[in-house]
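Please look over the sequence and the structure shown here, and then read the briefing that follows, which is grouped by topic.

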Amino acid sequence: MLKKVLFAATALLALAAGAANAADIKEFRVGILGGENEADRLRNYACLQDDLKKEFGFEKVSLFPAADYDGVIQGLLGGTLDFAELGASGYAATYIKDSNAVTPILTTKQTDGATGYYSVLIARKDSGYRSLTDLKGKSLGYADPDSTSGYLVPKVTLPKDLGMPVDQFFSATSFNGGHENNVLAVLDKKIDAGVTWASGVGDFKDGYSSGNLRKMVDKGTLNMNDVVQLWQSPLIPNGPLVVSNKLEDGMKAKLTDFFMALPEKDKSCFEAIEGGDYAGYVKVTPDFYNAVIETRRATIGG
C-alpha cells in the first residue's frame, strides 16, 4: 500500500522545479522503517508530527510506516519522502542506487558515547543451546534483507566464528518480516535462533540500554529471562537520519538543528522515536558509512 501511495505522488513531485525550502513545503513526509508493529510505530512518531508542525509551520506532517525497509528506501529514491531514519545497510542500498538521493545528517549516540551498536543472536533459554556450536544443523532467522544487524552483518561476520558459510552451518535460514517478528519467531519456536539489534550497553536483563530487545521488553512482549545470547557482532555504525536532496541546504540545516535539540527540548518524543536510552544525536557525513557501503556492494549489492 505504501509503495502505491509513494509512486502515485512521484508525478506530482516532478512538477516542482529546484530544491524546496520550508516556506514551499505544505506537507512534510516521514518514512518509518518496517520491523515493528505498525500501530506502535505510528504512536511513537505522533509526537514528532506535532513538533515538526510547530517548528516549521507545515500544514501537514504525514507518516508512512512501510511494511519493510525497502518501502522507505524506494520512497527516498523516488523523491516521495522528505525524511527517514535508516539502518546503515538501508542507507548503503540507497547510496548505491543513487548517491545524490539523500544526505545523512545525524546519528544516535549511545549512553557510553559510542556511535555504534551490535547484531546479536538469541535463542530460547529452555532450548538448551549455550553456544554457537550447539546450533549446528538448526534454523536461523534473519530480520529483513535491507537490515544491517538483521542480515548484512551476520551474513558477513558469522562465518568467521562458525568456521564455514552460514548456509552450510545452519539447516535453514529465513526472513521473518523485521526485528520484532524475528524475535517472536524464536519465542514461538518457528526458528531455533534469530538475529536482532542491541546497543550492547547496559544490562542484558533489561534488553540493554536500547535496541529491538529493549523495545520489546518495554512493551511487555519479551522477558529476557526467556532467551539467551549466543553471539555478538563487531561494532556496527548507528544508522543515519537522512533528508531528501530535493530540500534546499538551508532546510537541511534547520532540520539538523531541530533534531539536535530534540533530546532536550522534547525528551519523551526523542525516546519514543528512538526506543530506549540514548545520549542524543551527533552529526555524520556519508564517509561515516563507507565501510558498510563497500561491504554491501561486495556482498548483496544495492
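**The largest cavity and its surroundings**

The lining of the largest cavity is made up of 10 nonpolar, 13 polar and 5 charged residues, where Ala, Val, Leu, Ile, Met, Phe, Trp, Tyr, Cys and Pro count as nonpolar, Asp, Glu, Lys and Arg as charged, and the others, Gly among them, as polar. The model is predicted, with pLDDT of at least 70 needed for local features and 80 or more for side-chain atom pairs, while totals for chains, interfaces and linings use all residues. Residues are numbered from 1 along each chain as its sequence is written, and side-chain values use heavy atoms, with hydrogens and water left out.

**Cavity**
- On a 1 Å grid over the protein atoms alone, a cavity is a set of points where a 1.4 Å probe fits but cannot get out, and lining residues have an atom within 4 Å of a point.
- Of the 28 residues in the lining of the largest cavity, L33, Y69, E85, W197 and K215 lie nearest its centre.

**Salt bridges**
- A salt bridge here is a side-chain nitrogen of Lys or Arg within 4 Å of a carboxyl oxygen of Asp or Glu, and by this rule the count comes to 13.
- R29 and D82 meet through their side chains in a salt bridge, at 2.9 Å from N to O.
- Because R29 lies in strand β1 and D82 in the loop between α3 and β3, this pair ties together parts that are 53 residues apart in sequence, strands being DSSP runs (E) of at least two residues and helices DSSP runs (H or I) of at least four, numbered from the N terminus.
- D40, R43, E180 and K219 are linked in a network of salt bridges.

Key:
On a 1 Å grid over the protein atoms alone, a cavity is a set of points where a 1.4 Å probe fits but cannot get out, and a pocket is an open set with protein on both sides within 12 Å along at least five of seven lines; lining residues have an atom within 4 Å of a point.
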